[in-house]
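Open your viewer and get ready to click around. We'll go from the whole chain down to single side chains, one selection at a time.

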Amino acid sequence: MGLFTNSISPAGGLASGKFGGVIQTVFAHKTGMSSISPGRNGTAEIPSMSCAITMSDSSNKVFIHYSIVYDTGTGNGKGGFRIFRGSTNIAQPDSASNRYLVHTGYGANADQDQSMMNTSGTFIDTPGSGTHTYSMRAYNCDQSDATFAVRINGARQDPDQSDDGRACSSLLVQEISV
């Protein structure tokens, strides 16, 4: 038996600095495999990893959670994943001299067929009113090989053997009342 309520927050309200009720949830579930090449110092959107949400109140927050299964080649590759709202890169750390900025990072691995990795994270955004599309993008940092690729939901090499796996990734976006 489930627990049901007709209220999105406690009767007395939430304490200062806290927020809570989930107004709406949208998600993207990527089950297919993709190989993307963001290029040198470039970004590339991960196919099927975007969600549009229309805010019911401009002061509400958006809770973003992602889980990405990926692999990279063995070249001198480095980079990471970024969260975008439309064309704006959000969820960045503070600038740190000449270091590249991503929400979570990746690097090259030594084996190319059984080494899928997983990264996940969360972020709270305050986008204001309107409809906002959130997406996940891969970012390559100054690779000498501009074709350095990131494979989503599978290993970098895919020889179609029974010991090579496939996976799925997801993006969840929720409007949270303030």
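Here is a tour of the chain, stop by stop.

Before you click, note that this is a predicted model, where local features need pLDDT of at least 70, side-chain atom pairs count only at pLDDT 80 or more, and totals for chains, interfaces and linings use all residues. Residues are numbered from 1 along each chain as its sequence is written, and side-chain values use heavy atoms, with hydrogens and water left out.

**The whole chain**

Start with the cartoon view. You'll find 11 strands and zero helices; both are DSSP runs numbered from the N terminus, with helices being H or I of at least four residues and strands being E of at least two. Now colour by burial: 41% of the 178 residues are buried (under 20% relative accessible area, with exposed meaning over 50% and partly exposed in between, using a 1.4 Å probe and protein chains only). Of the chain's contacts with a separation of 6 or more, 83% are between residues 24 or more positions apart; contact means heavy atoms within 4.5 Å.

**Strands 4 and 5**

Select Tyr-70 and Phe-81. They form an edge-to-face aromatic pair, 5.2 Å centre to centre with 70° between the planes. (Rings of Phe, Tyr and Trp, the last by its six-membered ring, pair if their centres lie within 6.5 Å; planes under 30 degrees apart are stacked, over 60 edge-to-face, the rest tilted.) Tyr-70 belongs to strand 4 (residues 61-72) and Phe-81 to strand 5 (residues 78-85), so the pair ties together parts 11 residues apart in sequence. Both Tyr-70 and Phe-81 are buried. A search of the whole structure turns up one aromatic pair.

**Arginines over rings**

Next, show Arg-82 with Tyr-139: the charged end of Arg-82 sits over the ring, 3.8 Å from its centre. (That calls for NZ of Lys or CZ of Arg within 6 Å of the ring centre and within 35 degrees of the ring normal.) Then try Arg-137, whose charged end sits over the ring of Phe-84, 3.8 Å from its centre.

**The salt bridge**

Which two side chains meet in a salt bridge? Select Arg-85 and Asp-125, at 2.6 Å, N to O (the cut-off is a side-chain nitrogen of Lys or Arg within 4 Å of a carboxyl oxygen of Asp or Glu). Arg-85 is in strand 5 and Asp-125 in strand 8 (residues 117-125), so this pair ties together parts 40 residues apart in sequence. Asp-125 counts as buried, at 7% relative accessibility.

**Around Lys-30**

For the last stop, centre on Lys-30 in strand 1 (residues 22-30). Lys-30 counts as buried at 4% relative accessibility. Leaving aside neighbours within four places in sequence, its contacts include Ile-46, Ser-48, Asn-153 and Cys-168.

Click on Ser-48, in strand 3 (residues 43-54). Phi of Ser-48 is near 65°, a positive value in a residue other than glycine.

Asn-153 is another non-glycine with positive phi, about 70°. Look for Asn-153 in the loop between strand 10 (150-152) and strand 11 (169-176); at 0% relative accessibility, it counts as buried. Finish on Cys-168, which counts as partly exposed at 36% relative accessibility.
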